[in-house]
Amino acid sequence: FHGNTGNSTCEATSIRGCQLLKASGLVKRCFIYHNMELALQWLESQRAVMYDPDMAGMFLQYTDGQGHKLGRIYNEPISFGDQYFWDWRNQSAREYLVRSVLRTVRDPAVDGTFTDDVHGVPDEHPKVQPATNMSDAEMKDLQYHTLLAGQTLIDALAVSGKANWQAFPGGAGDGVGPAPTRATCTAFLREHCAPSHQGRLMLMGMDTSAANKAQVVAGFLIVRPP
């Protein structure tokens, strides 16, 4: 994505990845990433509205401290691109979430979405409230509507025959970390290949270091449930 944030095709690439994985027989289920806190420039469906002035109300803005937006969207950009923050108090934002995600996951190879940061602001972004001058009452209202948006999406996906990973028991945090290293790989496999683990979703963090990444990938492929 670096240097190509204006026309990246992350969602299309994810769909193609699901198609290839399903065709290979390596996976039975495949989910595409979205975020309940952030609107991300590198996701095509979100980039389509992020820079439309008519859609500015869908995102958190700097305020006057009295609940009035000042017309400038709050942004925490990273190397991949801009990161706006959804304002789920806005009904249009909630409706767009459902429409855009349903459109993204409609391919038969895609089983649904994985929605990160399900509790919304301030998850991983503690600067948002002081930077935007939002009150505690506004934050509480935003968090309520974040959960409302998430549940609305879960319901809409279910009706369409798709799913949200976070709706499964343990889907939001059934971790099995730390991931295996060369030194711990055997013990890791003995623990997580046990029958008691096979009904769990088991999320695993990725260690990309040259010394350990092979063990992480191998461990994931071996211990993942059916």
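A word on the ground rules comes first. This is a predicted model, in which local features need pLDDT of at least 70 and side-chain atom pairs count only at pLDDT 80 or more, while totals for chains, interfaces and linings use all residues. Residues are numbered from 1 along each chain as its sequence is written, and side-chain values use heavy atoms, with hydrogens and water left out.

Let us begin with two helices. Helices (H or I, at least four residues) and strands (E, at least two) are DSSP runs, numbered from the N terminus. Two packed helices are described by the angle between their axes and the distance between the axes. Helix α3, residues 91-104, packs against helix α5, residues 136-159, at an angle of about 35°, and their axes are 10 Å apart. Here axes are lines fitted to C-alpha atoms, for helices over the stretch in contact, and angles run from 0 to 180 degrees between N-to-C directions. The crossing of α3 past α5 is right-handed; a crossing has that name if the near helix is turned clockwise from the far one by less than a right angle, and is left-handed if anticlockwise.

Which residues of α3 and α5 meet? From α3 come Arg94, Leu97, Val98, Val101 and Leu102, and from α5 come His145, Leu148, Ala149, Thr152, Leu153, Ala156 and Leu157. Contact means heavy atoms within 4.5 Å. The residues of this contact divide into nine nonpolar, two polar and one charged. In that grouping, Ala, Val, Leu, Ile, Met, Phe, Trp, Tyr, Cys and Pro count as nonpolar, Asp, Glu, Lys and Arg as charged, and the others, Gly among them, as polar.

Next, look for the aromatic rings. Rings of Phe, Tyr and Trp (its six-membered ring) pair if their centres lie within 6.5 Å; planes under 30 degrees apart count as stacked, over 60 as edge-to-face and the rest as tilted. By this rule the count comes to nine aromatic pairs. In one of them, phenylalanine 31 and tryptophan 165 have ring centres 5.4 Å apart and planes at 80°, so the pair is edge-to-face. This pair links distant parts of the chain, 134 residues apart: phenylalanine 31 is in strand β1, and tryptophan 165 is in the loop between β7 and α6. Tryptophan 165 is buried, because its relative accessible area is 17%. Buried means under 20% relative accessible area, exposed over 50%, and partly exposed in between (1.4 Å probe, protein chains only).

Another pair joins tyrosine 62 and tyrosine 74, with ring centres 5.6 Å apart and planes at 75°, so this pair is edge-to-face. Tyrosine 62 belongs to strand β3, while tyrosine 74 is in the loop between β4 and β5, 12 residues apart. Is each of these buried or partly exposed? Tyrosine 62 is partly exposed at 21%, and tyrosine 74 is buried at 6%. Elsewhere, Tyr51, Phe59, Tyr84, Trp86 and Trp88 form one aromatic cluster.

Aspartate 117 lies in the loop between β6 and α4; its phi is near 50°, a positive value in a residue other than glycine. With 8% relative accessibility, aspartate 117 counts as buried. Asparagine 133, in the loop between α4 and α5, has a positive phi near 65° and counts as partly exposed at 41%.

Finally, visit two single residues. Threonine 113 is in strand β6 and is buried, with a relative accessible area of 0%. Its C-alpha atom is separated by 5.7 Å from that of tyrosine 33, 80 residues apart along the chain. Leaving aside neighbours within four places in sequence, threonine 113 is in contact with residues including Phe31, Val101, Leu153 and Trp165. Tyrosine 144, in helix α5, is exposed at 52%.
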